[in-house]
Amino acid sequence: MFGRGLKTLSLVTVALMVGAFALVFFYAPNDADQGFVQKIFYLHVPLAIVALCGFVAAGIYGIRHLRTGDRLHDLRSYVAIHLSLILAVGALVSGSIWARGSWGVWWTWDEPTLVSFLIVFLLYACYQPLRFSIEDPERQARYASVFAITAGAFVPLNFLAVRLADSLVHPRVLSTTGGAMPGEMRLTFLVSLAGMACLYVTLWKYELASKHATFRLRALKRKLADEDWPSAPRRSAAPQL
Amino acid sequence: MPALPLDEAGKYVAAAYLVFLALILIYVAIMAGRLSRIERDLEEVTELLERRQAAGDERETVRS
């Protein structure tokens, strides 16, 4: 069900990621201002963009879950948030390393882009504890969807607010001038972004397939073992299908 | 701030890309753990099914 097309997608992801890294180190020129350390840009920005898009996608699946009551949408939303959190950790750490190399500090609290991303990350870090705190699977799924929708709506609003704020040191990439990037840099960035997006979708499908298989197997085991098996599954933050 | 020399900037670039690689590898390791749990569950289901089949066969033999 979720594993369909996974092989092709994995191959496309590998090709795009290898191509992106090759472009980063052998094709894209060094930045005139920052030099070689700017190469982190091709990793850090796609990580942040894909993580934020994943949070929004989780909100969309939350809406679909509330509209249809289909638990699979809740599972999709859960896995999307889980993966986005992992990418967000990557974006925060790589950004911090870049800041140290470029600005001389690991973190600066004066920069709206950095602080807003941290707020979004901390907001979503509450998602798993929220799920775990609710025992009834039906209620858990419903509340988690409401959280995913509210927090998902906060992401673009937050993005707009940061755009309107004065930036002190953090550059703006997605602007009308395209961040004034030369062609080679823009191509490298776009390939990196496509590679990261494909990696996200591949891992999302991979985890969905794994979780779905686990639930189906457990259900089968319960059915086969009849009364020997406890009727209620153990408490978990993961959706119960 | 002036651009860092290549030998110094290289360390930061390598660190950033290694963090990404580490994240992916940790994720794959966790998924491998889950896969082995699925395999274990599958074995249990197969065992249960075989036991059931054996019990059914035994009942058939007693009846005949």
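In the predicted model, chain B has a mean pLDDT of 85, with 89% of its residues reaching 70 or more. For chain A the average pLDDT is 88, and 90% of the residues score at least 70. Within chain A, the helix with the lowest confidence is H6(A), at a mean of 90, whereas confidence is highest in H2(A), at 95. For the complex as a whole, the predictor gives an ipTM of 0.84 together with a pTM of 0.87.

Chain A contains seven helices and zero strands, and its pattern, read along the sequence, is accordingly written α-α-α-α-α-α-α. The C-alpha trace of chain A spans about 70 × 40 × 30 Å along its principal axes. Just after H2(A), the backbone at A:Gly69 takes a positive phi of about 75°.

The packing of the helices of chain A is considered next. Two packed helices are described by the angle between their axes and the distance between the axes. For H1(A), which comprises residues 6-26, and H7(A), the axes come within 8 Å and cross at roughly 150°. An angle over 145 degrees counts as roughly antiparallel, and H1(A) and H7(A) are therefore roughly antiparallel to each other. The crossing in which H1(A) passes H7(A) is left-handed. By class, the contact of H1(A) with H7(A) has 16 nonpolar residues, seven polar residues and one charged residue.

Helix H4(A), residues 112-125, packs with H3(A) at an angle of about 145°, the axes being 10 Å apart, and H3(A) passes H4(A) in a left-handed crossing. On the side of H3(A), this contact is made by A:Ile81, A:Ser84, A:Leu85, A:Ala88, A:Ala91 and A:Leu92, and on the side of H4(A) by A:Phe117, A:Leu118, A:Phe121, A:Tyr124 and A:Ala125. The residues of the contact of H3(A) with H4(A) divide into ten nonpolar, one polar and no charged.

H4(A) also packs with H6(A), residues 137-164, where the two axes come within 10 Å and cross at roughly 175°; that angle makes H4(A) roughly antiparallel to H6(A). In this contact, A:Pro112, A:Thr113, A:Ser116, A:Val120, A:Leu123 and A:Tyr124 of H4(A) meet A:Ala151, A:Phe154, A:Val155, A:Asn158 and A:Val162 of H6(A). The residues of the contact of H4(A) with H6(A) divide into eight nonpolar, three polar and no charged. A:Tyr124 is named among the residues that H4(A) gives to its contact with H3(A) and among those of H4(A) that meet H6(A).

Between the two chains, 32 residues of chain A are in contact with 26 residues of chain B. The elements that give two or more residues to the side of chain A that touches chain B are H2(A), residues 41-68, H3(A), residues 71-102, and H7(A), residues 183-225. Of these, H7(A) gives the most to that side, with eleven residues. By class, the residues on the side of chain A that touches chain B divide into 17 nonpolar, ten polar and five charged.

Methods:
Residues numbered from 1 in each chain as written. Chains lettered and ligands numbered in written order. Predicted model: local features only at pLDDT ≥ 70, side-chain atom pairs only at ≥ 80, totals over all residues. Contact = placed C-beta atoms within 7 Å. Helix = DSSP H or I, 4+ residues; strand = E, 2+ residues; numbered from the N terminus. Nonpolar A, V, L, I, M, F, W, Y, C, P; charged D, E, K, R; others polar. Axes fitted to C-alpha atoms, helices over the stretch in contact; angles between N-to-C directions. Left-handed = near helix turned anticlockwise from the far one by under 90°. Parallel < 35°, antiparallel > 145°, perpendicular 65-115°, else oblique. pLDDT = per-residue confidence, 0-100.
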